[in-house]
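Here is a friendly walk through one protein model, written for someone who likes cut-offs stated plainly. Please have a look at the sequence and the coordinates before reading on.

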Amino acid sequence: MEQKETVFWTQLKEDMIAAASSLGIDKLRVTTADTFTELKERLIRHRELGHESGFEEPDLDLRTEPKRLMPEARSLIAIAVAYPSRLIDPPVSEPGKRRGILSRSAWGEDYHQALRRRLAKLSEWILERVPEAKLMSMVDTGALSDRAVAERAGIGWSGKNCSIITPEWGSWVYLGEMLTDLPLPPDRSVLDSCGDCTLCIDACPTGALVGPGQLNSQRCISFITQTKGIVEDEMMVKIGNRLYGCDTCQIVCPVNRKIDTRHHPELLPDPEVAKPLLRPLLTMGNREFREKFGMGSASWRGRKPIQRNALIALGNFRDVESVPDVAAVLRDDPRPVLRATAAWALGRIGSPDAKENLRNAQSTEKDDEVLLAIERALSAPETGRKRK
């Protein structure tokens with residue numbers, strides 16, 4: 001490999017970029033395998049402030065030093081795949097048939113699978129031309145920061161909403177990368193074009209964007225919808241009808257307006273999955289959950305967070321028609337997290353029969369956290385009409 005001339009690697013990269021679309025990749029750029037020094041300093045500060053989600057790779061050296069993952073690494077190949085931002089003819093949410101919503105990144109096939117398949121094709125393409133090449137691919141769950149690699153490679157700039165914003169598809173892109181020992185010429189980074197705009201920071205429902213490009217994950221709705229425990233009352237109100245993830249900081253971004261990429265069929269949403277009826281979710285078994293959500297990225301934490309968030313959404317809708325379904329969860333579900341959330345939802349609905357169900361449950365409930373949730377729900381003012 002060392003005998004090959006610079007012109008060979010330059011041509012290989014140009015050919016790779018030209019072949020990207022045939023591999024299902026919308027954008028491909030290259031950067032060096034040098035250490036992400038500034039990123040490491042930011043991550044240390046991020047950890048000191050308690051802003052991590054806990055889902056990240058805990059070893060900051062692995063996250064910022066590519067050569068710890070592959071000592072021979074000389075280049076990082078960054079890829080981006082665009083995904084849709086709109087539902088065509090979305091189902092209507094109405095009283096008694098309220099609906100939740102998955103974030104756009106969870107529509108269609110699980111993007112981890114979709115990008116790994118593309119990276120596997122890219123590996124085959126490279127090995128056909130350089131059989132001795134060493135390659136290592138990762139998507140989201142790898143040690144490296146997808147966004148840091150994409151930013152330095154010139155896929156897009158790092159927006160104030162912490163997303164990589166591409167000039168072509170806004171921030172509606174999935175990211176992945178490949179480490180390699182190939183000495184490919186690096187691309188230039190893209191100029192930051194957020195300017196004075198702070199719409200994403202201003203619109204964040206929980207104030208999780210604590211500054212330009214600074215996220216407190218503990219207050220981010222996208223993170224909270226993926227947790228498995230009892231959610232704080234303040235956050236449950238902010239979650240609204242979100243079942244998984246949150247798109248607010250991307251929806252308000254001016255760059256993203258009018259962008260809706262639909263040329264990857266496997267990433268197109270099924271409206272009944274992207275915006276499902278809430279009440280059937282409460283009694284959904286594991287098999288039904290896998291059949292409905294198993295192909296998408298929202299399934300990775302199992303059905304409990306989705307069911308908990310469905311209860312939160314019904315509470316926020318103050319959907320009187322759903323009181324029997326929510327009360328059944330409070331009365332019969334073996335999981336305390338769901339019973340406590342059902343109590344909150346009934347208190348939020350606040351109708352006379354919601355209160356009656358809370359009082360009935362109070363006399364039989366044994367779990368201390370659920371009893372506390374029932375007590376708080378009963379202290380909420382009674383509102384709304386009695387269910388017919």
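What follows covers the sheet, the nonpolar cores and the aromatic rings.

This is a predicted model, in which local features need pLDDT of at least 70 and side-chain atom pairs count only at pLDDT 80 or more, while totals for chains, interfaces and linings use all residues. Residues are numbered from 1 along each chain as its sequence is written, and side-chain values use heavy atoms, leaving out hydrogens and water.

Let us start with the sheet. Four strands make up an open, antiparallel sheet in the order β1-β2-β7-β4; strands (E, at least two residues) and helices (H or I, at least four) are DSSP runs numbered from the N terminus, and two strands pair if DSSP finds at least two bridges between them. β1 (27-32) and β4 (135-138) are at the edges with a single partner strand each, so one side of each has no neighbour in the sheet. From one strand to the next, the twist averages 20°. Six bridges join β1 to β2 (residues 75-82), and Arg29 stands opposite Ala78 in β2. Helix α5 (residues 111-129) packs on this sheet and touches β1, β2, β4 and β7 (173-180), its direction making about 35° with that of β7. Contact means heavy atoms within 4.5 Å; axes are lines fitted to C-alpha atoms, for helices over the stretch in contact, with angles from 0 to 180 degrees between N-to-C directions.

The largest nonpolar core has 57 residues, and Leu102, Leu281, Val326, Leu330 and Leu346 touch the most other members. Such a core is a set of buried Ala, Val, Leu, Ile, Met, Phe, Trp, Tyr and Cys residues joined through side-chain atoms within 4.5 Å, where buried means under 20% relative accessible area, exposed over 50% and partly exposed in between (1.4 Å probe, protein chains only). Helix α15 (residues 336-349) gives the largest share of this core, eight residues.

Finally, the rings: the structure holds seven aromatic pairs. Rings of Phe, Tyr and Trp (its six-membered ring) pair if their centres lie within 6.5 Å, and planes under 30 degrees apart count as stacked, over 60 as edge-to-face and the rest as tilted. Two of the pairs are tabulated here.

| Pair | Centre distance | Plane angle | Class |
|---|---|---|---|
| Tyr83 and Tyr174 | 4.3 Å | 25° | stacked |
| Phe289 and Phe293 | 5.5 Å | 40° | tilted |

Tyr83, in the loop between β2 and β3 (101-102), and Tyr174, in strand β7, are 91 residues apart. Both Phe289 and Phe293 are buried.
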